[in-house]
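User: Could you walk me through this structure? I am new to reading models of this kind.

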Amino acid sequence: ITAPDITSICQEAKTGFTAEGAIRTGKCCPPSLGKPIQTFAFPSKEKTRVRWPAHKGTDKQVKSYKKAIKAIRELPDDHPHSFVSQAKIHCAYCNGGYTQVDSGFPDIEIQIHNSWLFFPFHRWYLYFYERILRKYSGDDDFALPYWNWDNPDGMTIPQMFVAEKDDDPFFGNNPLYDQFRDARHLPPSVVDLFFSGAKLADNFANELDPETQKVCNLSMVYKDLIRNATDWKSFFGGVYTAGPMDEEPSVGSVESNTHTAVHVWVGDSNNTNREDMGNFYSAGYDPLFYAHHANVDRMWKLWKDLGIPGHSEPTADDWLNASYVFYDENENLVRVYNKDSVKIDKLKYDFEESRTPWKGSRP
Ligand code: C2O
């Protein structure tokens, strides 16, 4: 799968809604600045920045983060760094913005979910998002927070995302706030890593008490990283290549379970498509999306670090050479490949350590 020049070949998706004070548009194509696509270079001379658990940020980390999000919210929507442009990336890659035209299949859409593209695509998406935010934060140590939902201490929506108004007069309204979340799932509600559309329809009939929920959540993380993730296919998802496919690729463990549960659990069930978090096209409009995906990205690292035989990336050329195009922090278009996403030390970021009690939570 090769993403085309995203600025010249893009079709608008056909979804969206308008609510008071918010537009969620299915028009997802990125702005074109008329620049050629560059090849990616590793940030080899940079220091390593460390992503931090969102429930435990220092004042400095939280301030830098809010400052950066506020700044990109204030950019004109058609700026490639704007909050809206960044949100639209997800929509364009997931709601039919691009086709496989560069592989000779102009009528087949690119979908980076539900297959082995899920982890590398989102890794790159966050890589550039983090670098863009660093620029606007003015903080050379800037790194993204991760929503540490695999640790009982982090199993609620992190507090900094919640208050509508910020205590700090500089920020006014809290730039991390999003109005489209399920009101029943704000803190102290404990995330349900088994959450699904069926439970939603059931109107939460199976709600557990918080302590039991936490224990169950750990067993789900164990399943996603150990029991049901013994090889690349079960963890990353199945083969997805250009052209017509006989059957849909299989979905990886994390993607189908914990990852999707968090999306659906956060999204506002009053909205038709559970916007924002509950749908591809709108998920990027909630700042929580990127903290959630930072933890999903961390799951990839932790899965590797378990050191269990079989815990390694796909090696097929179709995986290694799949590519995407993003705007970088200098507003240049860059093409990036799965093969360059594998080693985060080369991408110069890491994750602050956090407890991993799920390792002992065999269901
Ligand atoms: Cu691209 Cu969490 O979905």
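**Overall architecture**

Analyst: The protein chain has eleven helices and ten strands; helices (H or I, at least four residues) and strands (E, at least two) are DSSP runs, numbered from the N terminus. The radius of gyration of the chain, taken over C-alpha atoms, is 19 Å, close to the 21 Å that the globule rule gives for 363 residues, so the chain is as compact as a globular protein of that length. That rule is 2.2 Å times the number of residues to the power 0.38. This is a predicted model, in which local features need pLDDT of at least 70 and side-chain atom pairs count only at pLDDT 80 or more, while totals for chains, interfaces and linings use all residues. Residues are numbered from 1 along each chain as its sequence is written.

User: What share of the 363 residues is buried?

Analyst: Buried residues make up 47% of them. A residue is buried if 20 or more other C-beta atoms, placed from the backbone, lie within 10 Å of its own; it is exposed if 12 or fewer do, and partly exposed in between.

User: Now helix α1. What does it pack against?

Analyst: Helix α1 covers residues 59-74 and reaches 22 Å from its first C-alpha to its last, close to the 22 Å expected; the expected span is 1.5 Å times one less than its number of residues. Its buried residues include Y65, I69 and I72. The buried residues of α1 pack against β4 (49-53), α2 (83-94), α3 (118-137) and β7 (145-146), where a contact requires C-beta atoms, placed from the backbone, within 7 Å.

User: Changing topic, which way do the residues of β8 point?

Analyst: S323, V325 and Y327 point one way and Y324 and F326 the other, and all are buried. In a regular strand the side chains alternate between the two faces of the sheet.

User: And how does β8 pair with β9?

Analyst: The two strands pair in the antiparallel sense over five bridges; pairing requires that DSSP finds at least two bridges. Y327 has L333 of β9 as its bridge partner. Five residues lie between the strands of this hairpin, where E331 takes a positive phi near 65°.

User: Which residues does UniProt list for the copper-binding domain?

Analyst: An unreviewed UniProt entry lists residues 113-130 and 286-297 for "domain: Tyrosinase copper-binding". UniProt positions are given in the numbering used here, feature names are shortened, and annotations may be inferred rather than shown by experiment. In the model, residues 113-130 are 72% helix and 0% strand, and residues 286-297 are 83% helix and 0% strand.

Terms used. Two residues are in contact if their C-beta atoms, placed from the backbone, lie within 7 Å.
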